[in-house]
Amino acid sequence: FLSSDRENGHVAYLPVSTVDEDNGTSSMTSALRDRDMRQQMSQVLKRRWQQRPSSWLDLGLEVIRNKFFHGVMALLITLNALVIGLETDMPHLSMWNQVENVFLFIFLLEFLLRLCCLGPRDYFRYTNEDFSWNIIDFLIVGVGLF
């Protein structure tokens, strides 16, 4: 059984059993082994449960602060810019309006997630390190909706 301890970065191997070659008996009984595995799994599950966000607000804050989330949003912004460029070169295609609406919907969801998690006061607070980006997001989504 392989166990990982995240806090210490420690990986431990627990022996299944050791056999005494002289008499062929197991030095670790299955009951003891099962009890140890159950205790270890219980500790791992408790640690994971304690790491879970305590509310939807905490989960939302965790998401908007996540680097992967930032990367995905940056990729979507880049793709949107690419679509705008393609739309300029190929205006005769009829799909551009639907594609733009998909991007607008995704950016609206991001805006609402940030607004709900941070609250209007913190979202628009000028001391917020993301103040400039928040205003730009607000204006772009607002203009896109109207």
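1. Basis. This is a predicted model, in which local features need pLDDT of at least 70 and side-chain atom pairs count only at pLDDT 80 or more, while totals for chains, interfaces and linings use all residues. Residues are numbered from 1 along each chain as its sequence is written, and side-chain values use heavy atoms, with hydrogens and water left out.

2. Elements. The protein chain has five helices and four strands. Along the sequence the order is β-β-β-β-α-α-α-α-α. Helices (H or I, at least four residues) and strands (E, at least two) are DSSP runs, numbered from the N terminus.

3. Burial and surface. The chain has 146 residues, and 19% of them count as buried. Buried means under 20% relative accessible area, exposed over 50%, and partly exposed in between (1.4 Å probe, protein chains only). The chain exposes about 11500 Å², with carbon and sulfur atoms supplying 62% of that area. Areas come from the Shrake-Rupley method with a 1.4 Å probe.

4. Contacts along the chain. Contact means heavy atoms within 4.5 Å. Among contacts with a separation of 6 or more, 46% join residues 24 or more positions apart.

5. α3 with α4. The axes of helix α3 (residues 67-89) and α4 come within 11 Å and cross at roughly 155°. Axes are lines fitted to C-alpha atoms, for helices over the stretch in contact, and angles run from 0 to 180 degrees between N-to-C directions. The two helices are therefore roughly antiparallel. Angles under 35 degrees count as roughly parallel, over 145 as roughly antiparallel, 65 to 115 as roughly perpendicular and the rest as oblique. Residues meeting here include Phe69, Met73 and Leu76 of α3, and Phe103, Phe107 and Glu110 of α4. The contact divides into 13 nonpolar, two polar and four charged residues. Ala, Val, Leu, Ile, Met, Phe, Trp, Tyr, Cys and Pro count as nonpolar, Asp, Glu, Lys and Arg as charged, and the others, Gly among them, as polar.

6. α2 with α4. Helix α2 (residues 56-64) packs on α4 at about 125°, with the axes 9 Å apart. That makes α2 oblique to α4. Leu57, Gly60, Leu61, Val63 and Ile64 of α2 contact Leu113, Arg114, Cys116, Cys117 and Leu118 of α4. By class, this contact has eight nonpolar, one polar and one charged residues.

7. Glu110. This residue lies in helix α4 (residues 96-123). Glu110 counts as buried because its relative accessibility is 10%. Leaving aside residues up to four places away in sequence, Glu110 touches Phe69, Met73 and Asp137.
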